[in-house]
Amino acid sequence: MYTRQSVERADSISVEQQAQLCRGALTTRELQSCRVYTDKGFSGKTINRPALQRLLHDAENGLVDKILVYRLDRISRSVHDFTGLCARLSARGVHFQSVAEGLTLDDSPSGTVMAQIMMVFAQFERETIQRRVTDNYFARAKAGMYLGGRPPFGFSKGETTVGGKRTACYVADPVQSALMAALYARYLQDGETLGSLVRWLNAGGYRTARGGSWSTLPLGRLLRSPAFVRADAAVYRYLQGKGATMNDPIDAYDQRHGCYCYAPQTPHPSGRRLSDLSGSFITLAPHEGIVDAACWLEAQRKLDRNRTLGSSGAGTHSWLSGLMKCKKCGYAITVVNKPAGMRGHYINCGGHKRGNAVCPGRGTVVTLEQIEEAVQTRLLDFLRSYRAVAPQTQRRPDARLNRLAAAIARQEDEIGQLTRNLAHVREADVIHIVSAQIHEANRALSELKRQRDALLYTHPPDDLEPFFQAILTEWPDYTIPEKKKIAQAAIRRVVVGDDTVEIVFRLPYGA
């Protein structure tokens with residue numbers, strides 16, 4: 001006989017009870033040679049269970065004449081698996097009997113058909129249970145309830161009340177949370193990378209939550225986690241822009257609470273679980289964040305830049321290392337060692353390295369020196385445009401700025417919806433009305449942004465004229481690392497085509 005119980009509950013029949021009921025259906029002679037095969041703690045969705053596999057092995061070796069189960073779903077809850085088992089047992093002349101359902105699987109068509117009909121209902125029951133569990137999981141997530149699992153480094157587990165119900169929650173661990181705040185601040189310093197942070201952590205004797213050494217992958221995932229941020233409207237927009245489904249309205253992001261991030265039910269094909277949040281579910285958590293929104297967002301943008309560039313930017317041949325990308329394939333461009341007798345350095349892109357099917361390469365020869373000359377002219381012109389511009393410093397967001405950011409986000413959403421509606425309109429008078437609504441919404445959006453900028457930026461009296469003048473006059477004498485710092489501060493990327501070099505600056509021209 002075979003018994004199975006996946007989870008031990010008060011309302012379920014134990015393996016001992018199943019065996020006892022099966023024994024009641026055997027004769028005295030059959031009881032003398034009866035052997036019990038038991039799988040406890042195994043689901044019926046798969047047949048890869050130890051005791052079942054031993055039973056099938058013994059049946060195929062002629063050691064079993066009949067198999068008894070309490071119910072058919074003890075063997076399997078999959079129609080496909082059960083049909084395969086029926087074929088294997090029938091080929092060996094093994095009879096199969098379900099005690100509770102009164103079914104006997106033998107060579108008769110009626111027995112086989114009835115058994116398979118019962119299995120259809122068993123599979124339907126399993127899928128219904130799975131769907132019910134999944135629905136309950138996301139219902140709890142929408143309510144902000146804790147869904148289990150180990151808290152991330154920086155937190156321990158505590159208790160709180162959400163919607164009148166007790167639930168677990170994250171609680172900041174004094175030592176670990178202080179270290180996480182220090183890691184965010186350190187990562188934002190010039191020259192710091194995930195690798196340098198890992199070396200600093202391990203050299204300082206710091207250990208992970210499990211007591212192991214640090215590595216870049218888990219550290220990157222920690223820095224990506226929205227659990228640490230005191231989320232505001234800007235964080236809402238960033239996460240939404242990554243493809244996440246936002247559970248709470250933007251007004252609820254009060255610069256205080258962290259977020260739970262629940263991954264999609266099916267893994268994202270790119271494997272970028274925290275950099276691509278398509279299908280993920282974000283809800284505000286009851287715990288307070290560890291770092292402010294501006295710091296967390298700056299760390300995310302640095303992580304985004306490092307992933308997008310696909311290059312460490314540590315090349316020694318050029319001050320544009322890490323900024324150049326191929327216009328045809330989008331992969332990072334690297335510098336090839338200069339061949340003997342050649343005037344300039346070759347360049348190559350990651351797409352061409354993967355084959356002509358990804359990127360056929362450039363139709364004309366473009367050297368590194370040609371790219372640098374073109375970028376240098378534009379870069380110095382860009383810096384020159386800021387000589388007469390009053391420098392601006394950005395103040396830390398407060399409650400008023402957060403409310404304005406939320407209002408701007410709502411206004412942008414309204415404009416987007418009106419624009420989408422306009423695409424489906426054919427009547428001239430309706431087009432005129434919707435166009436007027438879009439115009440008015442844009443005017444309101446401009447006013448909100450003006451109010452935000454008036455609060456956000458101040459004009460200190462510092463005179464940066466000497467700074468810009470030094471760059472413009474001393475640029476030829478700068479080393480590659482010095483030029484690289486200036487270029488990376490001003491330029492987002494340099495896109496290289498056959499006959500073009502396009503520069504995307506981080507800010508518009510100053511004048």
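A nonpolar patch joins nonpolar side chains (Val, Leu, Ile, Met, Phe, Trp, Tyr) within 5 Å, from residues with over 30% relative accessible area and no salt bridge. A salt bridge is a side-chain nitrogen of Lys or Arg within 4 Å of a carboxyl oxygen of Asp or Glu. Accessible areas come from the Shrake-Rupley method with a 1.4 Å probe, and for residues only the protein chains shown count as cover.

This is a predicted model: local features need pLDDT of at least 70, side-chain atom pairs count only at pLDDT 80 or more, and totals for chains, interfaces and linings use all residues. Residues are numbered from 1 along each chain as its sequence is written, and side-chain values use heavy atoms, without hydrogens and water.

**Exercise 1.** Find the surface patch that contains Val336.

*Solution.* Start at the loop between β14 (333-335) and β15 (347-349), where valine 336 sits. Strands (E, at least two residues) and helices (H or I, at least four) are DSSP runs, numbered from the N terminus. Next, check exposure. Buried means under 20% relative accessible area, exposed over 50%, and partly exposed in between (1.4 Å probe, protein chains only). Valine 336 has 34% relative accessibility, so it is partly exposed.

**Exercise 2.** Classify proline 50 and list what it touches.

*Solution.* Locate proline 50 in helix α3 (residues 50-60). Its relative accessibility is 39%, so it counts as partly exposed. Then look for contacts (heavy atoms within 4.5 Å). Leaving out residues up to four places away in sequence, proline 50 touches Asp39 and Phe42. Finally, compare positions: tyrosine 37 is 13 residues apart from proline 50 along the chain, and their C-alpha atoms are separated by 9.2 Å.

**Exercise 3.** Which residues touch the most other members of the largest nonpolar core?

*Solution.* A nonpolar core is a set of buried Ala, Val, Leu, Ile, Met, Phe, Trp, Tyr and Cys residues joined through side-chain atoms within 4.5 Å. The largest has 50 residues, and the answer is Tyr184, Leu219, Leu223 and Trp296. Helix α10 (residues 293-309) gives the largest share, 6 residues. Another core, of 30 residues, lies apart and includes Cys326 and Trp475.

**Exercise 4.** Is strand β10 enclosed or open?

*Solution.* Count the buried residues of β10 (residues 257-262): 5 of 6, so the strand is largely enclosed by the rest of the structure. Then find its partner. β10 pairs antiparallel with β11 (residues 281-288) over 5 bridges; pairing requires at least two DSSP bridges. Cysteine 261 stands opposite isoleucine 282 in β11.

Technical notes: Patches are made of residues with over 30% relative accessible area and no salt bridge: like charges are joined within 9 Å, nonpolar side chains (Val, Leu, Ile, Met, Phe, Trp, Tyr) within 5 Å.
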